[in-house]
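Reader: Got the model open. Can we go through some strand pairing and helix packing?
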Amino acid sequence: MNNPNIDKTKDNKDRIRKSRALKNNIYACGLLFNICPSLVVHKAVSRFLGYFEWLFYSAFFMRYVINSLENGDSFGHIMIFVIIVGVVSGGMSLYNGFLNGSIYLYTQALVNKGLYLKLFRKSRNVELECFENSDFYDKYTLAMEKADERLIQTVEVVFGAVFGAIASVCAFVFMFQVDRISVLFIIFPVIGNFVFNRAISRLDYQRNEDMAPHNRRIAYINRVMYLPEYAKEVRLTDVFKLMKKQYREAITGLADVTRKYTKKAMVLHWLYVMFTFTFIFEGLLIYGAYRTLVSGTMSLAQLAVITSMMVSTTWILIGFTESLTNLFRNGLFMEYLRTFLDYKEKIPEDSPGIDPGREIKSIEFRDVSFSYKDKEVLSHLNMEFRGGKTYALVGHNGAGKTTLIKLLLRFYDPTDGVILLNGRNIREYDLRKYRALFATAFQDHRMLSMSVTDNVIMGEQIPEDEKESRVRDALEKAGVYDKVMSLPKGMDTTLTHEFDDTGAVLSGGEYQKIVVARAFVQDCPFKIFDEPSSALDPIAEATLFDNIYECCSDNTLVFISHRLSSVQNADWVYLLSGGCVAEEGNHRMLMDAHGLYADMYTKQAKNYLALSDGGEPA
């Protein structure tokens, strides 16, 4: 399903218009000021003082001292001026030291906290579709990567460009006052920075673009060689030879790209250095030497001042040019960040509404259709779940079972039709209170690098004095308690090795039982088990389902399962095919109908019988 908000940014290879880039930089300043105004003020003052110091020493300080010497002012008079300047300069150095050693460390922590709280809240609040849309997700990950550092850098660049522009104008004015002709020499660094440096930037962009496929290949091979999920294949096959061949090809590709751009890059860098530094310094010295030694129209004091001014002006122009370049480059990052933060959710997690209460009398799907990315997944589906009953959703892969559950949990809204809870459209309910009615054990579960207890509770608000007993009870019902208690720290053992080398790595079936325990521990009226036994053997599966039926006898239960033997005790079975209900009824009714369900059940039963006799599956 196409979403105009998700596809908001229209760009060609991630380029954006300059006007948009400038607005994005202004947006960055406003965002940072909203999070930490003191940091913005300090960054502005620091940049201003930096440019002011350059101009002061090269334009005013040098001129004042040399003129005082030529006018015969007393040594004491000159020293008073120098001491005052030294004290002010020392104060500025102390201020910068205070910024770097204290203020920035503290305020950067505040920015990290403030910005990532905004990003985390937003990521928690956007609908699931955003994470399944590759374009949106790519921009989300780019927005999250070192977002605090890049936001601060963006604001620094803005002030660098603003005060750099002011300082450049002031430098031109000061030089013009000293010697009008000397201003012409500024043309050289202007050409060097705005012509050749920009050409170098464009060349670097093209070169990096050509290198990107080879770098991606190298990065992929690096991941394959160190990630644990590839370790077995690398050791049991000769795939390393293929990896090595691809690596060599990628390195050769990088070398070919480098050779392609080397000559042009050398010429541009030579022209940049010559125009930015050599021509201006050599030319100005020749010009000043001629006027001082040959024509006698320039004093040594004037020569010293314009030489000093030219050095400062050159570095001011370089800083200003780099700030302008980075201004547009950072505009792209801010586009990602701004697009993400400004995104208007279709199903915001904090959607207000009426309180659904805690009782579920019925949930009805009435003529529900749903399309994802212009492909119809469910078509005019009708079904009902009555409170306290047990239901099974069965069918082949792609029949729409998981999509139906996502609609039930309001990860998506139907394209057509309505879902009713106790006779009322679920869109009318407070979303978080509505979802609190459900406990889910998903097949595509994830374990967090936390303790077993935290992986079961998952932040559920449970009184501290009840937490241990409820987790223990849930683990026992799921059939994994003994395994957990055999771990070094029992229920306090950290799962995975992500942050703890002593953490536990369990089998797929054991992880699946912990996911089931998550559903057990939650106090809610409706529980959903999505393939809860797919990693278990038939005996463990039968035991698990017996425990689920027994422990959730007061709940409304929904099972999604490919193994029909595990759902034959359900009160009602819905068989989905082609996005709609193909058959429904209890197990006996469906077997007597000799339809699709009966055919699937009979074939699976034959496979189980073949296995129990020691043979291979039919």
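Author: Strand E3 (residues 390-394) is joined to strand E9 (residues 572-577) by 4 bridges, and the two run parallel. This is a predicted model.

Reader: Which residue in E9 does Tyr391 stand opposite?
Author: Trp572.

Reader: And E8, in what sense does that pair with E3?
Author: Parallel, over 4 bridges. E8 covers residues 556-560. One of the E8 residues involved is Leu557, the bridge partner of Thr390.

Reader: Is E3 mostly covered or open?
Author: Mostly covered. Of its 5 residues, 5 are buried.

Reader: Which residues point which way from E3?
Author: Thr390, Ala392 and Val394 go one way. Tyr391 and Leu393 go the other way. Both sets are buried.

Reader: Switching to helices. What angle do H1 and H3 pack at?
Author: About 110°, with the axes 9 Å apart. H1 is residues 18-35 and H3 is residues 75-125.

Reader: So what do we call that, roughly parallel or roughly perpendicular?
Author: Roughly perpendicular, because the angle falls in the 65 to 115 degree range.

Reader: Which residues make the contact?
Author: From H1, Leu31, Leu32, Asn34 and Ile35. From H3, Leu110, Val111, Gly114, Leu115 and Lys118.

Reader: How do the residues of that contact divide by type?
Author: Into 6 nonpolar, 2 polar and 1 charged. Lys118 of H3 counts as charged. Gly114 counts as polar.

How values were computed: Residues numbered from 1 in each chain as written. Predicted model: local features only at pLDDT ≥ 70, side-chain atom pairs only at ≥ 80, totals over all residues. Heavy atoms only, no water. Axes fitted to C-alpha atoms, helices over the stretch in contact; angles between N-to-C directions. Parallel < 35°, antiparallel > 145°, perpendicular 65-115°, else oblique. Contact = heavy atoms within 4.5 Å. Buried < 20%, exposed > 50% of the residue type's maximum accessible area, 1.4 Å probe, protein only. Pairing = 2+ DSSP bridges.
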